[in-house]
Amino acid sequence: MKKKKVLITGINGQDGAYLSKHLIEKNYEIVGLLRRSSSYKLQRLDYLNIRNKIKFFHSELNEYKNIERIILETKPEIIYNLAAQSFVQYSFENPTYSFDINFSSVLNMLEVIIRNGLDTKFFQASTSEMFGNSKLTSQNENTPFNPTSPYAISKLSSHQLIKNFRESYGKFFCSGILFNHESFLRGREFVTKKIVHGLVNIYYNNGPIVKLGNLNSSRDWGHAEDFINAMYLIMHKSRLPDDYVVATGRAFSIRDFIKKVCECMNIKIRFIGKGYQEKCIDIKNNKILISIDRKYFRENELLKLKGNPNKIKKKLNWKLKYNFSKLVEDMVKKEIDNIKSENSIFF
Ligand code: NAP
Ligand code: G4F
């Protein structure tokens, strides 16, 4: 029987890699979009041992004509749009580019589907950042949006477009409103990976002090593998197209995350000092592990995000395999294994 085909943009990112693995195991043919580079670093795909099972096409997401050609040539059953300028801080430095990739490129892909009369379904990776500093203690599909960064505004524009085109053209276009999700494969600039890698690097490699921004902001952190399963359920199990919040329902601060990492590594720590002078030290020898650097504070800090995943749990029977402790344990274990390995990789 002919395999069903999916096109994944951002295949080389954290989610793209895990989603490819998930769909390969379910016998899908995977077409992956990569941006051209002079040196391809497909370490995440190699880590999961799936590089050779993917057919690659090369394009920037905003090369509109090229993207149209690839969609028309491959005619996928589903496009999972996971490519994005995904770093909130950078969107303040380069809002035009962030909008081009996170909004205009989405509009282009949806137009290709609609104008060519394709049946292709479309998954959009929307974000909890769209809620901004919400007055509610947790956010669900009905919570008003109040974005606080160019990144969040660009993603909200695409989110609204997906809904509008779904209702206007009757297409199977869906968004997952994804809260933060992490793993060993997370990019190095994001705070969880930065903390885990930084602390493991201090103890196993004599690495430098880790410099961070606001330790008091909190996030609803899940494991990327659980979130990939949610994407799959939204596109493959749902009878009607819809949008779903994907979250764990629990929030922890950056400080909590640091404590949990140290607990997993059997390091006893203490926080000393206040504000920009705060430090995290190893109680055993007073060694400074973490200090604060103003440059990591955001222009408009989003202090707390906590999702309410009731809809996806009830309607699609989504279940979580990882809680906060298991997520951190998994990240720490894989980071230590990686740093000890002769072929260690760093994203
Ligand atoms: P990620 O690791 O940053 O991956 C993003 C991918 O997009 C990378 O493969 C990157 O390519 C690709 N990309 C970026 N700009 C591109 C361009 N101009 N043309 C083509 N490809 C481009 O992100 P992720 O964590 O996997 O997240 C996946 C999606 O979910 C993103 O859309 C993100 O905004 C969204 N999201 C993520 C989270 C989360 O907590 N992880 C939460 C909410 C929403 P390179 O490999 O070449 O850099
Ligand atoms: O890890 P972060 O950079 O993730 P952020 O901004 O929440 O964005 C991630 O999750 C979103 C979903 O809510 C996605 F849409 C987005 O694509 C991305 O995947 O920062 C988390 C928190 C922030 O409050 C930040 O201010 O950590 C705080 N933080 C403190 N020190 C830091 C640092 N963040 C980073 N990146 N680096 C620091 O040194």
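1. Lys-260 and Glu-263 lie three residues apart in helix H9 (residues 254-264), which means that about one helical turn separates them; helices are DSSP runs of H or I with at least four residues, strands are runs of E with at least two, and both are numbered from the N terminus. The two residues form a salt bridge whose closest N and O atoms are 3.3 Å apart; the term denotes a side-chain nitrogen of Lys or Arg within 4 Å of a carboxyl oxygen of Asp or Glu. Lys-260 is buried at 16% relative accessible area, whereas Glu-263 is exposed at 51% (buried is under 20%, exposed over 50%, partly exposed in between, with a 1.4 Å probe and protein chains only).

2. The model is predicted: local features need pLDDT of at least 70, side-chain atom pairs count only at pLDDT 80 or more, and totals for chains, interfaces and linings use all residues. Side-chain values use heavy atoms, without hydrogens and water, and residues are numbered from 1 along each chain as its sequence is written.

3. In helix H3 (residues 64-74), Lys-65 and Glu-68 are likewise three residues apart, about one helical turn. Their salt bridge has its closest N and O atoms at 3.2 Å. Lys-65 is exposed, with a relative accessible area of 67%, and Glu-68 is partly exposed, at 22%.

4. Arg-51 pairs with Asp-46 in a salt bridge, with 2.8 Å between the closest N and O atoms. Arg-51 is partly exposed at 31% relative accessible area; Asp-46 is also partly exposed, at 37%.

5. Across the whole structure, 16 salt bridges are found. Glu-129, Arg-219 and Glu-301 are joined in a salt-bridge network.

Methods: Chains are lettered from A and ligands numbered from 1 in the order in which they are written.
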